[in-house]
Structures are given as structure tokens and as C-alpha cells.
Amino acid sequence: MTAIPHDDHAHHGPAKGLWRWVVTTNHKDIGAMYLWLSFAMFLLGGAFAMVIRAELFQPGFSLVAPEFFNQMTTMHGLIMVFGAVMPAFVGLANYMIPLMIGAPDMALPRLNNLSFWILPFAFLILVSTLFMEGGGPNFGWTFYAPLSTTYGPPSTVFFILSMHIMGASSIMGAINIIVTIWNMRAPGMTWMKMPLFVWTWLITAFLLIMVMPVLAGLITMMLLDITAQTSFFNAAGGGSPLLFQHLFWFFGHPEVYIMILPAFGIISAIIPAFARKPLFGYASMVYATAAIAILSFFVWAHHMFTVGMPFAAQLFFMISTMIIAVPTGVKVFNWVATMIGGSMTFEVPMLFAIAFVVLFTIGGFSGLMLAIAPVDYQYHDTYFVVAHFHYVLVPGAVFSIMAGVYYWLPKWTGNMFHEGLAKVHFWMSFVGVNVAFFPQHFVGLAGMPRRIPDYPLQFANFNMISSMGAFLFGLSQLLFMFIVIKCVMGGKKAEAKPWEGAEGLEWDLPSPLPYHTFETPPEIK
């Protein structure tokens, strides 16, 4: 008796044209759609950032109304965090994890389809708030109450709805990833043989499941404060604005690790490939990732040193924040140790990976500075904080996503991207990021507050330089889009092993990868 191949569309024939993308349960299709959505959101969030930097190009220069400027800072943060970085990592997870562990697909393909398709609607709702009466959210991406609940625009309820949808998508995606990794590894793929990208995503998925319900509870309390006259965060009604900060950062701090742990996994795949030697300290990398995830629940109030918390609490959060730097340092040490003595070549993915290690470390050091409670009184809510988290998130999360795309693109498409243009993209991005964000350390230390549309004259030069760097970085992403589309459309055929010496499970498959991972590779047929 022959087995009948399973096909959802066995009775109706396979779905054709655009409809195929709506009903698909194939992990590669869904991964690709996540990546394109996140890139669209990246360009949109970037456009908002360009408005911010244009406004700050000169003091006394009024390009947009201050109210609109506040909407731009808020929307830029929300779109970049929830629309660009997170869906991009989920897309990479969807595409690569089944291949890396030898699974035919994700464990819950229909759930996978649903968790993607609710996202575009979440972002449509979020962006539509800009066109509503009173404008979009104008209270910062941290949406502190009572600013957001008592004084926010009427569109705040739509913002809350969109956040709920994004959270539901994240939880479904995380459940899918955990079940897939737990149950669907190929025979012989033991825990300590899994690629680090799989490990980092397994741990990230647990983080998501633990913190997303906290965010859901928080925005539900906001919704009740706005619509049902409760007073969770309104001091006049017996509530506590500080309660909001505690709940938000209990979600928000693990969230920033959700945005960086998968990056560690990508970098841990790329550096050994181009250093042509195995990753140094594999087991310590796994334990360090788990340690970071666990410790991330104990550091949330380091965002709140200036709220008047007890001395003992400040001491606790200060020390726990410094401790979390240790496993992160272990990772940086291991990446550098992997490169030492390797026969390195500097293809584009490796350039992004090295830039990641250097610049992410700078971001880590400024984070250690912010962890010192008495000094944080000076840094708090200045541009120093903006510089710090952009050094962690742009060269950290964004560069690692770009590194991963360049690394796997030959496998995805069967074509080689244009190496020369990609190197131009790298150098434009590298220079742009540093010119944009390094001067912000200086204006921050000099006392320039964040989230303001205008500033005194003494900050003018650094802000002009910062804006020029930001425009350069923004422009270079259009080149990135051109390179990727050009590669997808055609070009020089990729070798079966596009990066010679890059050993790993995914390289044992032909280029491009077969449509289904369970199809027989052509050389076996």
C-alpha cells in the first residue's frame, strides 16, 4: 500500500496565484511573508525617524507641529520594535528552524498562517490612528499612563487593539516554535547538537510566552481606565502611575532581550562559517543564553531609578543589571575566540557580523553606565539613553537580520546577490549608524532631553551631524531593497555550498532549497 502524499488542496488542486499566499501553510512561504512585512514596516518606521531627524536638523527650525513630532517619536518606536525587528526574527525562525532541525514543516502550520495574517491588520489599525481626530499616539513608545490614558488622543483605544493583536500573534508564533523544536527534531538531533539559532529561538519563545500576557493585562487595564472609569493608573482615583511603569518594564525588559537573543543565534552561525572553525564554547553559549533570559526578569526597574524607589531596591536592580552583563560578555568573548586563529574571509554576512560584535559591545558598555543608579539620575531621559538603545538595537538586531538575509539569500533564491553592491550597502549602513548615534552620547551627557522637537543652540552641531548620519543610513536601506529584489528576480546561480567552508545542516541541501523540506533532493532521485 503506497502512502498518499498529504496535501491540503488534494481535492481542489493547489492554490494558484496570490490566493496561494493567503492559504499557505508552508513554513518558507510564511517566513518570506514575515520578512517582507517586516521590511515594509522597517521602511515606514524609518520614514518616521527621518521626520524626527529633519525636525532636529537645526534648532528653531519648525518643520512639523510639536504634537505631530510626538506622534512620530511614538510611532517610530512602536513600528520598529513590534513591526520591524520582531516579525523579521519570527520570519527567519519560520524559514530556517525546520531546515536546521530536519523537520518537514512547523508543528502547527494552520496556526502559523493565522499568526502571520493577523499582523498586517494590526499595523493597519496602528498606522490608521495617524489619520483619526486628535491624531495618533503621542505619548512615547512606552505609553506611560496617565499620560496615555487621561490625556491621550481618542485614537488610543485603537492603538490598544492593535497591540492586543500583535501580542496574540507573538504568543501563537512562540507556541509553534517551542512545539516544533521540542517534538520535530530529526533522529540524532539531540539538544546539545542543535544550531545556536535554534537554541536562541527556543529560549526567546519561552520569554515571549511569559511576558506577552503581562503586556496584554497592562493594556487591558489602560482600556478600562479610558472607557470604564476605573483608576488603575490615575492617582486622583486612588490608582498608581508607578504601577504602570512596573508592569510595563516587567514586560519591556525581557522584550529587549527577545529582540536580541535571536540575533546572537544568527551571529553564532555566521562567524564560525567565515572563520572556518567551529564555534568556541558551544555549551557555554547555550547556558549564557538561558542565563540572560532568566536574569532579564530581575532587572526591570533599572528603567525607574529616578522614581524614588527605596535604596535597597536601587541596589538590587543595579547589581542584577551588572550581573546580566556577565553572560553577555561570555558570548562576545566566544565570538572573538572563534575568530582568533581562523582563516577568515570578509564576505558581506561576515562584515555585518563583525560590525555587530564591535558596535553591540559599545551599546553594552553604555548600558553598564546607565546601570549605575546614582549616575543614571544624570543620564535618565537624555539622548544618552537614545544613543545606548540604538547602539544595541540597530547594529544589534537590525545588522544581525541583514547578516542573516545575506547569509541565507543564496539558499532561499538559488541566486547569488551582487557582492559589490552589498558591500556598498554595508559600508553606508556602518558609517550611517555611527555618524547618527555616536554624537547622541555627547549631547546626552551634556543634558539634552529626549523626545523634544527643539533644543538650545549648544546642541546644534552634534544634532546636525546625527541627522546627516540618519539620512545616510535611511538611504542605504533603499539600496538593500534593490539588492534583495534583484537577487530574487535572478542573477548568477549560487553554488550548492555558496559559502565554501560553511558547514551546517542547511548546507547539506541543494541550492535553492526544495519548496517542501521533505522533497527528495534532485541528486538522490
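**Spaces and packing in the predicted model**

The second largest pocket holds about 690 Å³ of space. The structure described here is a predicted model. Around this pocket stand 29 lining residues, and those nearest its centre are Ala32, Leu35, Trp36, Trp412 and Val484. Two or more lining residues come from each of α1 (17-23), α2 (27-55), α3 (66-101), α13 (383-413) and α15 (460-489). Sorted by class, the lining of the second largest pocket comprises 23 nonpolar, two polar and four charged residues.

The position of this pocket can be described in terms of domains. Because domain 1 (24-242) and domain 2 (260-514) both contribute residues to the lining of the second largest pocket, the pocket lies between them.

The axes of α2 and helix α4 (residues 109-128) are 10 Å apart, and the two helices pack at an angle of about 15 degrees. Since angles under 35 degrees count as roughly parallel, α2 is roughly parallel to α4. The crossing in which α2 passes α4 is left-handed.

When the whole structure is searched for cavities of 30 Å³ or more, one is found. The largest cavity contains about 170 Å³ of space. It is lined by 17 residues, with Met86, Pro87, Val90, Ser169 and Ser170 closest to its centre. At least two lining residues are supplied by each of α3, α5 (156-183) and α6 (196-227). Of the elements, α5 gives the most to the lining of the largest cavity, namely six residues. The lining of this cavity has 14 nonpolar and three polar residues, and no charged residues.

In the loop between α4 and α5 lies proline 146. The peptide bond that joins alanine 145 to proline 146 is cis, with omega about 0 degrees. The other detail concerns glutamine 229, which lies in the loop between α6 and α7 (241-258). Although glutamine 229 is not a glycine, its phi is positive, at about 60 degrees.

Key: Residues numbered from 1 in each chain as written. Predicted model: local features only at pLDDT ≥ 70, side-chain atom pairs only at ≥ 80, totals over all residues. Heavy atoms only, no water. 1 Å grid on protein atoms, 1.4 Å probe; cavity = no way out; pocket = protein on both sides within 12 Å on 5 of 7 lines; lining within 4 Å. Points joined across faces, edges and corners; volume = space filled by probe spheres on them. Helix = DSSP H or I, 4+ residues; strand = E, 2+ residues; numbered from the N terminus. Nonpolar A, V, L, I, M, F, W, Y, C, P; charged D, E, K, R; others polar. Domains from an automatic or database assignment. Axes fitted to C-alpha atoms, helices over the stretch in contact; angles between N-to-C directions. Parallel < 35°, antiparallel > 145°, perpendicular 65-115°, else oblique. Left-handed = near helix turned anticlockwise from the far one by under 90°.
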